Amino acid sequence: MTCSEGDSGSSKPYRVLSLDGGGIRGLYTALLLKGLSNRFAANQRLAATASYDLGAQFDLVVGTSTGAILATALAAGVPLERVIELYRQKARTIFTDPAGEGVRAGWWAVRHLRRAANDPSPLEDALSAVLGEETVAQMYARRGIALCVPSVNVETNKSWVFKTPHDKRTNRLNRDNDYRLVDVCMASTAAPMVLPLRGIASPGDKEGAVNWFTDGGLWANNPSLVAMTEALSMSEPGQPIELMSVSTCPPFKGCTITEAGANRGTIGWQAGVGIVQVALDAQSYAYDYVTRTVAQHTGRDVGYVRLIDADVPAADAVHLALDNPSPNALDLLSRLARDAVDLNMSAATAGSPPPQPLIAKFFANIKPFPAQPTEGAEIGQRA
């Protein structure tokens, strides 16, 4: 049941969740959302349980790259515990050769001149264990929760947003119906140099055409503007919109630039990885500002909030690379998520810092999952 089914009257809000990209830092996002779900459920004296169906609180979930994994899992009804386990247990097999920084990044580039640094099979296997063989259309028919996942079609260099068939007015969103959820996630997470491009056979193409995709973070690492645009298009005229955006807690990477340091080459840009990182961080900041501004000038009743991030100690920032699966990185992400839960609970319930009562609305009356199926059963097999 989506959130709108639990409201009555024409003023029910169209609720949207937007999840940033950030590689292994998706663990932070998953832990933050799980922590908030548990805390709000306890505050509302709801039935105590190990797992709550956060995805059912939203009409639309949007996620890019690692956020695509989370968004797809939430829309499909996968408990956050399983996603957290995926990050913790499988990260070292997915990111086997982190890029590092400085000279190390240069040697990393030399080692991977002709191929991506990591084999995509461990990630695909991990996703298949969670999502099974279910397709985009099958998931939407089962759950009724809309999903949007940004990617890039490399053969055209144009953006591509995988979408469920959730446009009930015109019934036009059918292009992606037969793509597997696993392939959608692989397409959006195919970070340049880190993972190979993702080739997916075009559903229904008798000639066997293959579409090639790369990381959606190249243009929508913070997909809040995609989420806002889709909400404005799909919600009923005059219907209130409420959008919550969640980052992956990117560390501050500012530095003092000297005359000599300004003349950067391959090593200075971390063999190209640094360019990607700057682009991801810059657009995440910019899209938050643009989304906030659009929300204020739509002429609609639009509420927008971006969850507060914990402060990353300067000495720890080095651990938060996109592809760093070290125990130090995973422990740090867990600590930061706990801090962020406290910050956002304070903002939602005590009004400090700064007051964000909208946060509480997204977790109001959150429902526990029903009894889980037998161990090892896949989402696709349960559809």
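At 0% relative accessibility, Phe213 counts as buried, where buried means under 20% relative accessible area, exposed over 50%, and partly exposed anything in between, with a 1.4 Å probe and protein chains only. Before going on, a word on what you're looking at: this is a predicted model, so local features need pLDDT of at least 70, side-chain atom pairs count only at pLDDT 80 or more, and totals for chains, interfaces and linings use all residues. Residues are numbered from 1 along each chain as its sequence is written, and side-chain values use heavy atoms, with hydrogens and water left out.

Back to Phe213. Its ring forms an aromatic pair with Phe162, with 5.1 Å from centre to centre and 55 degrees between the planes, which makes the pair tilted. The rule here is that rings of Phe, Tyr and Trp (its six-membered ring) pair if their centres lie within 6.5 Å; planes under 30 degrees apart count as stacked, over 60 as edge-to-face, and the rest as tilted. Phe162 sits in strand β4 (residues 158-163) and Phe213 in strand β6 (residues 210-215), so the pair links distant parts of the chain, 51 residues apart. Helices (H or I, at least four residues) and strands (E, at least two) are DSSP runs, numbered from the N terminus. Phe162 is buried too, with a relative accessible area of 2%. Ring pairs also bring in Trp160 and Tyr179, linking them with Phe162 and Phe213 into a cluster.

How many aromatic pairs does a search of the whole structure find? The count is seven. Another one to look up is Phe40 with Phe363: their ring centres are 5.0 Å apart and the planes are at 10 degrees, so this pair is stacked. Phe40 lies in helix α1 and Phe363 in the loop between α12 (358-362) and α13 (379-382), so the pair ties together parts that are 323 residues apart in sequence. Both Phe40 and Phe363 are buried.

Some of these rings turn up again in the core. A nonpolar core is a set of buried Ala, Val, Leu, Ile, Met, Phe, Trp, Tyr and Cys residues joined through side-chain atoms within 4.5 Å. The largest one has 80 residues, and those that touch the most other members are Leu19, Leu33, Phe162, Met244 and Phe363. Helix α11 (residues 327-349) gives the most to this core, with 10 residues. Apart from it lies another core of 20 residues, among them Ala146, Met228, Met234 and Leu243. As for Leu33, leaving aside neighbours within four places in sequence, its contacts (heavy atoms within 4.5 Å) are Leu19, Leu54, Leu74, Leu80, Met244, Val246, Leu307 and Phe363.

Leu19 takes us to strand β1 (residues 14-19), where six of the six residues are buried. In a regular strand the side chains alternate between the two faces of the sheet. In β1 both faces are covered: Tyr14, Val16 and Ser18 on one side and Arg15, Leu17 and Leu19 on the other are all buried. Strands pair if DSSP finds at least two bridges between them. β1 runs parallel to strand β7 (residues 241-246), joined by six bridges, with Tyr14 opposite Ile241. β1 also pairs in the parallel sense with strand β2 (residues 60-63), over four bridges, and here Leu17 has Val61 as its bridge partner. Together with helix α1 (residues 26-43), β1 and β2 make a right-handed β-α-β unit; right-handed means that, with the strands pointing away from the viewer, the path from the first strand over the helix to the second runs clockwise.

Helix α7 (residues 181-188) is worth a look as well: eight of its eight residues are buried, so it is largely enclosed by the rest of the structure.

Most residues other than glycine have a negative phi, and most peptide bonds are trans. Asn157, though not a glycine, has a positive phi of about 55 degrees. Asn157 is in the loop between β3 (146-153) and β4, and is exposed, with a relative accessible area of 65%. Cys249 also has a positive phi, near 55 degrees, and lies in the loop between β7 and α10 (273-296); at 1% relative accessibility, though, Cys249 counts as buried.

Finally, confidence. pLDDT is the predictor's confidence in each residue, from 0 to 100. The chain's mean is 87, and 87% of its residues reach 70 or more. Over residues 4-9 the pLDDT is below 50, and this stretch has six contacts beyond near neighbours in sequence. Where pLDDT is low, the predicted coordinates should not be read in detail.
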